[in-house]
Amino acid sequence: MMKKKASIHVHLFVYSGDAALVGENLLCVRHALPGAHLVVIDDGRHPCPDEVKAQAEELGAEWRVSFWAVSYTHLRAHE
């Protein structure tokens, strides 16, 4: 049986307030872990500018946008 080589995946969660740091963070990860698979998960409610996405993709990162639903039904449970 052939063993599958483990790979490192780095997930960077960002929003518009982090935009200035995204490129620098990805460069640091690339330097420390050159073979790592980079995934940037952008907050869909406060997304980073398109320029940041383009810069991340140039560095080989996969760009995803999150739209995680928030449920407030538990707050009305005692009404």
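**Briefing: strands, helices and a salt bridge**

Ser66 lies in strand β3, where helices (H or I, at least four residues) and strands (E, at least two) are DSSP runs numbered from the N terminus. The model is predicted, so that local features need pLDDT of at least 70 and side-chain atom pairs count only at pLDDT 80 or more, while totals for chains, interfaces and linings use all residues. Residues are numbered from 1 along each chain as its sequence is written, and side-chain values use heavy atoms, with hydrogens and water left out.

**Strand pairing and crossovers**

- Strand β1 (residues 9-14) runs parallel to strand β2 (residues 37-43), and 6 bridges join them; two strands are taken to pair if DSSP finds at least two bridges between them.
- Within this pairing, Val14 stands opposite Asp42 in β2.
- Strand β3 (residues 62-66) also pairs with β2 in the parallel sense, over 5 bridges, and Ser66 in β3 is the bridge partner of Asp43.
- A right-handed β-α-β unit is made by β1, helix α1 (residues 19-32) and β2, and another right-handed unit of this kind is made by β2, α2 and β3; a crossover is right-handed if, with the strands pointing away from the viewer, the path from the first strand over the helix to the second runs clockwise.

**Helix α1**

- The 14 residues of α1 reach 21 Å from the first C-alpha to the last, close to the 20 Å expected at 1.5 Å a residue, the expected span being 1.5 Å times one less than the number of residues.
- Ala19, Val22, Gly23, Leu26 and Val29 are the buried residues of α1 (buried means under 20% relative accessible area, exposed over 50%, and partly exposed in between, with a 1.4 Å probe and protein chains only).
- Seen down the axis of α1, these buried residues fall within an arc of 130 degrees and therefore line one face of the helix; the arc is that of the directions from the helix axis to the C-beta atoms.
- The buried residues of α1 pack against β1, β2 and α2 (50-58), whereas Ala20, His31 and Ala32, on the other side of α1, are exposed.

**Surroundings of Ser66**

- Ser66 counts as buried because its relative accessibility is 11%.
- Apart from its neighbours within four places in sequence, Ser66 is in contact with Ile41, Asp42, Asp43 and Gly44, contact meaning heavy atoms within 4.5 Å.

**Salt bridge**

- The count comes to 1 salt bridge, defined as a side-chain nitrogen of Lys or Arg within 4 Å of a carboxyl oxygen of Asp or Glu.
- Arg64 and Glu62 meet through their side chains in a salt bridge (2.8 Å, N to O); Arg64 is partly exposed at 42% relative accessibility, and Glu62 is partly exposed with a relative accessible area of 29%.
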